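Please keep the sequence and the structure in view while reading.

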Amino acid sequence: DNRHHLVCRACGAIRDVPCATGHAPCLTASDDHGFVIDEAEVIYWGLCPDCSTRRDTGKDHDD
């Protein structure tokens, strides 16, 4: 189902995003070890807007 995921490292929030378009070098294995690959998964990790703002202002989740 052509979508990827965004995951916040701080709070664990998950959001769906449309499939990446254009050149995607990590979706083809350099050595498939004999597997017949029919799917690859992409997960983007980082900070959601709320956690990013908290980090920039020095506030933690309980404030």
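Strands are DSSP runs of E of at least two residues, helices are runs of H or I of at least four, and both are numbered from the N terminus. By that rule R3 belongs to strand β1. The model is a predicted one. It has 1 helix and 3 strands, and their order along the sequence is β-β-β-α.

**Chain as a whole**

- Of the 63 residues in the chain, 11% are buried, where buried stands for a relative accessible area under 20%.
- Taking the contacts between residues at least 6 apart in sequence, 46% join residues at least 24 apart.

**The sheet**

- The 3 strands form an open sheet in the order β2-β1-β3, and the pairing is mixed.
- β2 (14-18) and β3 are the edge strands; each has a single partner strand, so one side of each has no neighbour in the sheet.
- On average, neighbouring strands of this sheet are turned by 25 degrees against each other, direction ignored.
- As a rule, the strands of a sheet pair through backbone hydrogen bonds, in either a parallel or an antiparallel way.
- Both kinds of pairing involve β1: β1 and β2 run antiparallel and are joined by 5 bridges, while β1 and β3 run parallel and are joined by 4 bridges.

- H5 has I43 as its bridge partner in β3.
- L6 is placed opposite R15 in β2.

- Apart from neighbours within four places in sequence, R3 is in contact with D16, V17, P18 and C19.
- For one of these, D16, the separation from R3 is 13 residues in sequence and 6.5 Å in space, C-alpha to C-alpha.

**Positive phi values**

- Most residues other than glycine have a negative phi.
- The hairpin of β1 and β2 has 5 residues between the strands, and G12 in this hairpin takes a positive phi near 85 degrees.
- H33 also has a positive phi, near 50 degrees, and is a residue other than glycine.
- H33 is located in the loop between β2 and β3, and it counts as exposed because its relative accessibility is 64%, against a limit of over 50%.

**L27 in the loop between β2 and β3**

- L27 is another residue of the loop between β2 and β3.
- Is L27 buried, exposed or partly exposed? L27 has a relative accessible area of 34%, so it is partly exposed.
- If neighbours within four places in sequence are left aside, the contacts of L27 are with A40 and V42.
- L27 and V42 are 15 residues apart in sequence, and their C-alpha atoms are 8.3 Å apart in space.

**The second largest pocket**

- The volume of the second largest pocket is about 170 Å³.
- Which elements give two or more residues to the lining of this pocket? They are β1 (3-8) and β3 (43-46).
- The residues that line the second largest pocket are L6, V7, C8, A13, R15, Y44, W45, G46, L47, C48 and P49.
- Sorted by class, the lining of this pocket has 9 nonpolar residues, 1 polar residue and 1 charged residue; in this sorting, Gly counts as polar and Arg as charged.

Note on methods: Residues numbered from 1 in each chain as written. Predicted model: local features only at pLDDT ≥ 70, side-chain atom pairs only at ≥ 80, totals over all residues. Heavy atoms only, no water. 1 Å grid on protein atoms, 1.4 Å probe; cavity = no way out; pocket = protein on both sides within 12 Å on 5 of 7 lines; lining within 4 Å. Points joined across faces, edges and corners; volume = space filled by probe spheres on them. Pairing = 2+ DSSP bridges. Axes fitted to C-alpha atoms, helices over the stretch in contact; angles between N-to-C directions. Buried < 20%, exposed > 50% of the residue type's maximum accessible area, 1.4 Å probe, protein only. Contact = heavy atoms within 4.5 Å.
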